[in-house]
Amino acid sequence: MDADGTSRIYSIWDQTITPQNMKSGKIPDGFWFGAEYLRSDIDEALMSDNPKNIVPSVDLNGHGTFLAGVACGNKIDERNFSGVAPLADICVVKCREAKKSLKEYFRIGNDKTAYAEQDIMLGIKYLWQKAVKAGKPLIICFGIGTNIGGHERGGCLGEYLESIGRYSGVCAVTACGNEANVGHHYRSGLLRSGDDVEVELITGNDAGFTIELWADSPNLYAIGIISPSGEYSGKTIAKIGEQRKISFILEKTIIDIDYLITAYESGDECVRLRFSSVEPGTWKIRVFNDNRGDGYFDMWLPIRNFISNDTFFFESDPDVTICNPANNIALLSNAYYNSYTTSAVADSSRGYTRSGYVKPDICSPGIDIFGPMAGIISDRKEKNDISQARYGYMSGSSAATAITAGAAALLMEWGIVRGNDITMDTVSIQKYLIRGSINTGVDVPNRICGFGGIDLYGVFQAMRGRV
């Protein structure tokens, strides 16, 4: 809220609200689902004894609330707290969860929170349209990610964010993820033509999951599966449209294998393995190089949110673990470090991209970040009373990304609003922050922190010439 008690939220698009439970609000112009609540609606709710009858949108997990608070929350002296850009307007999209059929295809449990790429892209379109209508710069704080895709250009979502982020006055800040220390990436050594290699996969008590193998074009790799009991599926054939369903005599596990010979975003080969009713134990994925030349390949398990800690590659590689869409070279990709000790964090996803392009761009503090939690301690005694607001700590990639998003907002204000760089976009903010970054104790660029730690004051020092 502003000092006068009115909302700083420009608008909310809640994709989860259906026509059946829509008590107020309306479907936003140009879209066909969800409900939109404008600042006037929120101000009315703030003055009401039953605010949820007017604006029923609620943050159920607190993730978005915390990120918004860190990026641009109010300065609250009593709690010794301030967001990075405390005067910015806030535009909110609450994404609806992915449909059951999509979760079933990728073998994601119904108890896991996941979102469909097309709904996220529609949310980004909504934010951009609102920024254009308001005539204001837009900072997109993107605190989620996926291991699906070639870790190259960020997939459809990465390319869409890139296209939006190239407009003057728009900056897309993406979280690199928390995947470096969980064993979800395997990178092969040089596999000679005619040779094969066995990739050992340790599985825990997971109902299912999806693995993707990616290899540079024009190479094609074929695979076979060896179960924990030693049963061999036989070699499958790498050809266009090839699909195989593999079952075993002693294990109840079923594996669906899909060959995508020219996968989207790069034209490289993708082999998708979808495990169902997973039997715990050691599985072996035999990969055959039937090409005329030597080559490499990569494999990724899902992100840590979707599978247990007991499932991992036995010989995993912590590098090339940045989640999509942050692998896109035209987005501001943010890793994190421990600012209390000025040291690297084992979980922070590491670069580079699969083709070796430098990512992340920069890193920011991501351990024990203080910020607002969703909900209140108890019912407010008075309207606009902030004394019951809940604060707490969060660590990880998304919290660090909120800090960088706030810094990008301040930089965008200097560039666009104050007229110092009216062409400022995602790439230019990326370069500004890289030039002003601080030394984190290792040579740069590197796979852990990119070009260094964020330092907004250092940006302006660099522009006026360091002494």
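Helix α6 (residues 397-417) packs against helix α8 (residues 456-463) at an angle of about 35°, and their axes lie 10 Å apart. Axes are lines fitted to C-alpha atoms, for helices over the stretch in contact, and angles run from 0 to 180 degrees between N-to-C directions. Helices (H or I, at least four residues) and strands (E, at least two) are DSSP runs, numbered from the N terminus. The model is predicted: local features need pLDDT of at least 70, side-chain atom pairs count only at pLDDT 80 or more, and totals for chains, interfaces and linings use all residues. Residues are numbered from 1 along each chain as its sequence is written, and side-chain values use heavy atoms, without hydrogens and water.

On the α6 side, Ala407, Leu410, Leu411 and Trp414 meet Leu456, Val459, Phe460 and Met463 of α8 (contact: heavy atoms within 4.5 Å). This contact has 8 nonpolar, no polar and no charged residues. Ala, Val, Leu, Ile, Met, Phe, Trp, Tyr, Cys and Pro count as nonpolar, Asp, Glu, Lys and Arg as charged, and the others, Gly among them, as polar.

Aromatic pairs number 19. Rings of Phe, Tyr and Trp (its six-membered ring) pair if their centres lie within 6.5 Å; planes under 30 degrees apart count as stacked, over 60 as edge-to-face and the rest as tilted. Trp13 and Phe31 form a tilted pair, 4.6 Å centre to centre with 45° between the planes. Trp13 sits in strand β1 and Phe31 in the loop between β1 and β2, 18 residues apart. Trp13 is buried, at 0% relative accessible area. Phe31 is also buried, at 9%. Buried means under 20% relative accessible area, exposed over 50%, partly exposed in between (1.4 Å probe, protein chains only). The rings of Trp414 and Tyr432 have centres 6.1 Å apart and planes at 85°, so this pair is edge-to-face. Trp414 lies in α6 and Tyr432 in helix α7, so the pair ties together parts 18 residues apart in sequence. Trp414 is partly exposed at 21% relative accessibility, whereas Tyr432 is buried at 14%. One aromatic cluster comprises Trp13, Phe31, Trp32, Phe33 and Tyr126.

Gly34 is found in the loop between β1 (9-14) and β2 (35-38). Its relative accessibility is 4%, so Gly34 counts as buried. Beyond residues up to four places away in sequence, Gly34 touches Trp13, Asp14, Gln15, Ile17, Met22, Lys26, Ile27 and Pro28.

Helix α5 (residues 155-165) has Gly155, Leu157, Gly158, Glu159, Leu161, Ile164 and Gly165 buried. Their cover includes α4 (117-134), β4 (138-142), β5 (170-175) and α7 (426-436).
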